[in-house]
Amino acid sequence: MTVLSVRGLTVRFRMRESAPVRAVTDVSFDLAAGECLALVGESGCGKSVLASALLGLLPGNAETAGSALLAGAGDEAATDLIAADEATLARAVRGRRAGLVPQSPAAHLTPVRTVRAHLTETVRRLTGTRGRDALRTATESAAARVSFPAGHLDRHPHELSGGLAQRAATALALVGDAPLLLADEPTTGLDRDLVERTVDELRRHTGSTRALLMITHDLAAAARIADRVAVMYAGRLVEIAGADAFFGAPGPRHPYARGLLDALPERAFRPVPGRPPELAALPEGCAFAARCARADAACAAQPPLADGLACNHPDAAPADATRPPQAVEAPGA
């Protein structure tokens with residue numbers, strides 16, 4: 001069963017004194033029940049904007065297009081998350097049908113309330129649990145699910161380390177057992193042991209009936225639990241592949257995706273050269289061309305995503321797929 005079907009999702013931010021920021025452009029993908037899709041890419045490529053668009057959490061200067069159908073339960077009709085109004089999203093979607101582990105958890109926690117108060121209210125609202133003892137048991141169970149220490153439940157957000165705030169936010173997101181879970185950098189601030197325990201819990205949450213979209217820079221965490229990997233660059237998806245093929249053989253097919261893996265310490269430890277383009281000044285053609293050793297005149301045209309790949313040279317040899325931008329003449333220059 002398809003839990004989420006995204007088609008042509010596009011997000012633009014209107015700016016007063018500059019061109020619009022093209023944060024997300026024509027993104028399409030499906031997410032099935034029981035599946036974990038890892039969305040990876042450099043900072044600023046649009047990953048978090050995509051997640052915010054799905055939950056209606058964009059600022060007022062955002063313009064969205066496309067659709068994102070979230071499957072209904074039983075005979076319930078699917079909901080288009082992009083077209084839904086705020087009342088629908090707040091009442092029937094957020095927490096109940098789509099949970100969120102936010103990128104900056106401390107900013108999403110009310111500073112004057114303890115972690116226990118946050119969890120207790122969420123448990124009461126999303127599960128219907130009543131009674132002091134039942135609520136206390138359910139709250140502590142929710143905390144234990146993400147290894148949040150019971151001795152810190154009565155602390156306020158400013159008294160928590162970054163890792164503890166991250167675990168508190170993850171516990172809150174899991175309470176409703178939502179069919180769709182969006183986890184935006186869920187391992188930030190965690191040591192490696194807690195990273196593995198956290199992503200394993202997210203994977204267990206998915207089970208066979210729920211889906212997980214995990215936005216992450218942590219490729220080791222993605223390799224641990226993802227079924228598929230989607231690579232985003234300059235607001236577009238440039239590759240979608242099975243995790244086994246992506247992290248193993250034959251490996252990524254897009255030069256940018258291969259560059260991400262080559263930057264890992266256990267691999268070539270060679271960062272992708274250059275910098276991504278500004279989203280308010282994207283080139284008309286392939287946005288990666290200025291950083292790519294394969295670029296030629298064909299890259300003056302934007303390649304569509306077809307068969308999981310958006311690249312004008314998909315069959316080129318993987319070696320030397322990137323090069324310093326000063327050695328590249330952009331197509332059409």
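## Ground rules

A cavity here is a set of points, on a 1 Å grid over the protein atoms alone, where a 1.4 Å probe fits but cannot get out, while a pocket is an open set with protein on both sides within 12 Å along at least five of seven lines; lining residues have an atom within 4 Å of a point. Grid points are joined across faces, edges and corners, and volume is the space filled by probe spheres set on them.

This is a predicted model, where local features need pLDDT of at least 70, side-chain atom pairs count only at pLDDT 80 or more, and totals for chains, interfaces and linings use all residues. Numbering runs from 1 along each chain as its sequence is written, and side-chain values use heavy atoms, with hydrogens and water left out.

## The largest cavity

The structure holds 3 cavities of 30 Å³ or more, and the largest of the cavities comes in at about 90 Å³. Around the largest cavity sit residues including Tyr233, Arg236, His254, Cys286 and Phe288. Its lining splits into 9 nonpolar, 2 polar and 1 charged (Ala, Val, Leu, Ile, Met, Phe, Trp, Tyr, Cys and Pro count as nonpolar, Asp, Glu, Lys and Arg as charged, the others, Gly among them, as polar).

Now for the open spaces. The largest pocket has a volume of about 710 Å³. Of its 23 lining residues, Arg94, Gly95, Thr122, Leu126 and Leu172 are the closest to the centre. By class, that lining has 11 nonpolar, 7 polar and 5 charged residues.

The second largest pocket holds about 210 Å³, and its lining has 7 nonpolar, 4 polar and 1 charged residue. Among them are Glu42, His217 and Pro271.
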